[in-house]
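Open the model in your viewer and keep the sequence panel beside it. The stops below say what to select and what is there.

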Amino acid sequence: MPAPAVNLRDFEALARERLDARALGYYAGGAGDEVTLRENETAWARRTLRYRVLVDVGVRRLDAEVLGQRVSMPVLVAPTAFHGLAHPEAERATARAAAAAGTVMILSTLSGTPVEDVVAAAGGPAGGPVWFQLYVYKDRGATAALVRRVEAAGCRALVLTVDAPVLGRRERDVRNAFRLPDGMSVANLVPAGLAELPAAARESGLAAYFAAQLDASVTWNDVAWLRSVTRLPVLLKGIVRADDAMRALNHGAAGVVVSNHGGRQLDGAPATADVLPEIAAALDGRGTLLVDGGVRRGADVVKALALGAHGVLLGRPILWGLAVDGEAGVARVLDLMRAELDLAMALCGCPDLAAVTPDLVR
């Protein structure tokens, strides 16, 4: 019997044994030479924590408020595609685990599970919070219709991806001729009136089909348009520049996610840990500031908070947990992050998140 997973890297190793080559390549891969993919992790490791001593940390609180919503810890589930490649229960299992952990799940547009079913799995509109990750399509009417559907389902925020006017080239997928398995579709992308994607799109034409739906002409004006067709708060995901972060708030966004798409878009983009401080300084407390990319330890979460983030998004490790043991695997990944965050805060002399201040990190 294999040894139990005691950290997120253990889950990754176990998942690599369970996933087929196409699914593993799709989940694990990045764009180009995958420089940014690797740098996302090493950038957190380069930073050190200057801990405090002789602080009463006998009682610790990890709960936080993110976008006006209370969460049990500042670790949210990032939007990642096609959970059905990892487990038959797919996004439903992830939603149940996130709700049980008391945190937010951000559902990807590229989900094989309808948004209504994911919200129901999380406990319904009054249950665990589900946000929806959105792209702006060439067909603005279809985009607006999807927004109305997401609102009706009970999602509590929109996360607009802004770093994908076109898709990055992920060479692992090219080599593996990635395609969706039979019976799997893109439940929240299918155009109105179609029961499923065209057969060619389910196979090797998926990337081309999806890319054809994206609008490379999207500008800041479309942020204002999106806000005009929804009552939900809108976050912009894919920000790596301070000036763009300020523009986002000036155009009505409720906040930003510092992200380089997990290294899957522009290879050579900066690691998110490296640009987070300047973005936090520019926003100076305005709006919600989240970050993803390479977070693998509770200490990474402390570093992100000390650098100015209100919370982190966890992406690939959620997929590893799902591949290993479905809902229970995702729950265990989140439990490990909670335990590591609690330990790191105690050892840093931080009884609560308010004590995680900029002087802790270098």
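**Stop 1: a loop**

Select alanine 177, which sits in the loop between α7 and α8; helices (H or I, at least four residues) and strands (E, at least two) are DSSP runs, numbered from the N terminus. This is a predicted model, in which local features need pLDDT of at least 70 and side-chain atom pairs count only at pLDDT 80 or more, while totals for chains, interfaces and linings use all residues. Residues are numbered from 1 along each chain as its sequence is written, and side-chain values use heavy atoms, with hydrogens and water left out.

Alanine 177 has a phi near 50 degrees, a positive value in a residue other than glycine. Most residues other than glycine have a negative phi. With a relative accessibility of 36%, alanine 177 is partly exposed (buried means under 20% relative accessible area, exposed over 50%, partly exposed in between, with a 1.4 Å probe and protein chains only).

Now select valine 186, in the loop between α7 (171-176) and α8 (199-202). Is valine 186 buried or exposed? Its relative accessible area is 0%, so valine 186 is buried.

**Stop 2: another positive phi**

Go to aspartate 284, in the loop between α12 (272-283) and β9 (288-291). Its phi is positive, about 50 degrees, although aspartate 284 is not a glycine. Aspartate 284 is exposed, at a relative accessible area of 65%.

**Stop 3: a strand residue**

Select valine 71, in strand β2 (residues 69-71). Valine 71 is buried, and its relative accessible area is 2%.

**Stop 4: the largest pocket**

Which residues lie nearest the centre of the largest pocket? Select Tyr26, Ala81, Arg170, His261 and Arg264, the nearest of 44 lining residues. On a 1 Å grid over the protein atoms alone, a pocket is an open set of points where a 1.4 Å probe fits, with protein on both sides within 12 Å along at least five of seven lines; lining residues have an atom within 4 Å of a point. The largest pocket holds about 820 Å³ of space, a volume being the space filled by probe spheres set on the points, which are joined across faces, edges and corners.

Colour the elements that each give at least two residues to this lining: α2 (21-28), α3 (35-45), α7, α9 (206-213), β10 (311-314) and α14 (316-347). The lining has 22 nonpolar, 13 polar and nine charged residues (Ala, Val, Leu, Ile, Met, Phe, Trp, Tyr, Cys and Pro count as nonpolar, Asp, Glu, Lys and Arg as charged, and the others, Gly among them, as polar).

**Stop 5: the second largest pocket**

The second largest pocket has a volume of about 570 Å³. Select Thr161, Val162, Asp163, Ala164 and Pro165, the closest to its centre among 29 lining residues. Two or more lining residues come from each of β6 (158-161), α10 (220-228) and β7 (234-239). The largest share, three residues, is that of β7. By class, the lining of the second largest pocket divides into 18 nonpolar, seven polar and four charged residues.

**Stop 6: a helix pair**

Show α6 (residues 140-153) with α10: the two helices pack at about 45 degrees, with axes 11 Å apart. Axes are lines fitted to C-alpha atoms, for helices over the stretch in contact, and angles run from 0 to 180 degrees between N-to-C directions. α6 and α10 are therefore oblique to each other (under 35 degrees counts as roughly parallel, over 145 as roughly antiparallel, 65 to 115 as roughly perpendicular and the rest as oblique). The crossing of α6 past α10 is right-handed, meaning that the near helix is turned clockwise from the far one by less than a right angle.
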